[in-house]
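Keep the structure in view while reading.

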Amino acid sequence: MECCKKWLSTSRLFLFICACLSGMLFAFVWRKYEQMVQYSEAYSHYTPALRNTRYNTWLYAQGLISDLIPEENTSFSLNSQKITTEADFLFQKVSVFCLVRTSNIKRAKAVKETWAKHCNSVKFFGSFTTDKIPVFKIPSSSSFSPLCQALIHVWKKHDGEFKWILITDDETFAIIENVRYYVASLNASHPYYLGHSAKNYFDYFNMADSGILLSVGAIKTLQSLFPNGKTCSQAPFGHFGITIGKILQKAEIMPMDTRDQSGKSRFNAFSAEKLIIPGSISIFSSYWRQSVFLSPEGGDCCSDHAVTFHGISPSQMYIMEYCLYHLTPFRFSKLGLGNKPPPSFTAKSPTDQELGKPEVTLIQKEKPIKNKGKKLNGTVHDNGWKNFWNNFFSP
C-alpha cells in the first residue's frame, strides 16, 4: 500500500513538472509569434513599396516607356545603329557597387568572370592577395570588423560613384540587372537594408548567404557610427550578417519584406535546384525557423526577378552565366519568325481500335498437315500447274 502511495506521489510530481515545462514552452513560442506579428505590422508600411516597386511609373517619370523590340529587328536588321536597351539605361542610372567576401582564389575568379562583370564596380575582400584578382586584404574572420574595414575603404575611395552596395560571398550568384530593376524607383538617399529577413532571438537581420543590399543612406549611417578602421573593433562581436543587423536595428533601420507581389523570394539562401525541388532543404534547417517572410518550396519558391542564389560552385556559375546572358531562345514574333509553339488540336481516336495500338486484324490459321512421303493430292497438284500456266501465258 505504501509503495502505491509513493508511486502516486512521484507520478503527480512528474506530471506537475511536465505541465510547467509545457506551459513555459508554449508561452515562449507564443511570445515569439507575437513579436513576429508586431514586427510585421510595425514595418508593414514599407511592404507595398518594396513588393511592388512601381517600376513602370518611375520609368514614365523619366520620360520613357518600355517597348518590346521584335527579335527579327535585332537579329536581321541591316541598321548598324546600336539599340539602347533597358539594361543599358539602368546601368547608367542605377549604379551598383559589388563587395564580395572571398576565401578562395578559384571561387573569386569564377565570380569575377561571370556575374561581377555586370556590376558598375566590384571589390573583393579576403585574407589573401593575388595578381589575377584585386583583393582588399583583411584578417580572415567572419565577424563584422573585416566587413566594416572594407566598407570604410570603399566609402573613402569610391564615394559618389554608386547608389547601392551589394554585399555577398564567393558562393553567391547575383543577377545585377534584377537588382537595378528592383531598386530603380527607390530613393537611395533613404536608409534601405534589403535581403532575406531573419530573426535571431530578439534581433532581426538579413541573411548573409542571401546577399545584403544597402542604399547610400544606410552606408552613411554606418559611416557615421564607424568613421575609421579603429572603431570597427568596437562593434558587437558575432557573425557579420547578424552584427550588421544589430547595428542598423539600433539606428531604427530594419530588414523588410522583399518578396515580390506573388510572395516569391528575391533574395535566396540556397541554389535554385534546392529551392525548386521539395524536400531538398532539411526540415531541421535553421532556415525554416529563422526566416521571417517565407516562400514555399517548389515552383513557387523564387521570383521571376530573383536577385541572388547561394551555394553555387564555380562550374555552376559559368553555367548560370551562359544560360542567363548567352543562351537566346528565338521566340515566335509578330512577323511569323522564330520558334513557334506546337499546334493546339485534339486528335480523334478511331472508333474501331484503341489509341496507340496498331491496326492489325488477327486471322486464325489452320494447322498444316504434315506430308510423310505421300503423293500430293491430285486436285491440288493439278490446280497448281493450271495457275502457273495461266499466269505465265496470260496476255
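How are α6 and α13 oriented to each other? Start with the setting. The model is predicted. Its secondary structure comes to 14 helices and 10 strands. Of the 395 residues, 37% are buried. Among contacts between residues at least 6 apart in sequence, 72% join residues at least 24 apart.

Now take the pair. Two packed helices are described by the angle between their axes and the distance between the axes. Helix α6 covers residues 105–113, and helix α13 covers residues 314–325. Their axes come within 9 Å and cross at roughly 5 degrees. Angles under 35 degrees count as roughly parallel. The two helices, α6 and α13, are therefore roughly parallel to each other.

Which residues make the contact? From α6 come K106, R107, K109, A110, V111 and E113. From α13 come P314, M317 and Y318. By class, this contact of α6 with α13 has five nonpolar and four charged residues, with no polar ones.

Look next at α13 on its own. This helix has 12 residues. From its first C-alpha to its last, α13 reaches 17 Å, close to the 16 Å expected at 1.5 Å a residue.

Where do the buried residues of α13 lie? They are P314, M317, M320 and E321. Seen down the axis of α13, the buried residues fall within an arc of 110 degrees, so they line one face of the helix. What covers them includes α6, β5 (172–174) and β10 (308–310). P314 and M317 are buried in α13, and both also take part in the contact with α6.

Key:
Residues are numbered from 1 along each chain as its sequence is written. This is a predicted model: local features need pLDDT of at least 70, side-chain atom pairs count only at pLDDT 80 or more; totals for chains, interfaces and linings use all residues. Side-chain values use heavy atoms; hydrogens and water are left out. Axes are lines fitted to C-alpha atoms, for helices over the stretch in contact, and angles run from 0 to 180 degrees between N-to-C directions. Helices (H or I, at least four residues) and strands (E, at least two) are DSSP runs, numbered from the N terminus. Angles under 35 degrees count as roughly parallel, over 145 as roughly antiparallel, 65 to 115 as roughly perpendicular and the rest as oblique. Contact means heavy atoms within 4.5 Å. Ala, Val, Leu, Ile, Met, Phe, Trp, Tyr, Cys and Pro count as nonpolar, Asp, Glu, Lys and Arg as charged, and the others, Gly among them, as polar. The expected span of a helix is 1.5 Å times one less than its number of residues. Buried means under 20% relative accessible area, exposed over 50%, partly exposed in between (1.4 Å probe, protein chains only). The arc is that of the directions from the helix axis to the C-beta atoms.
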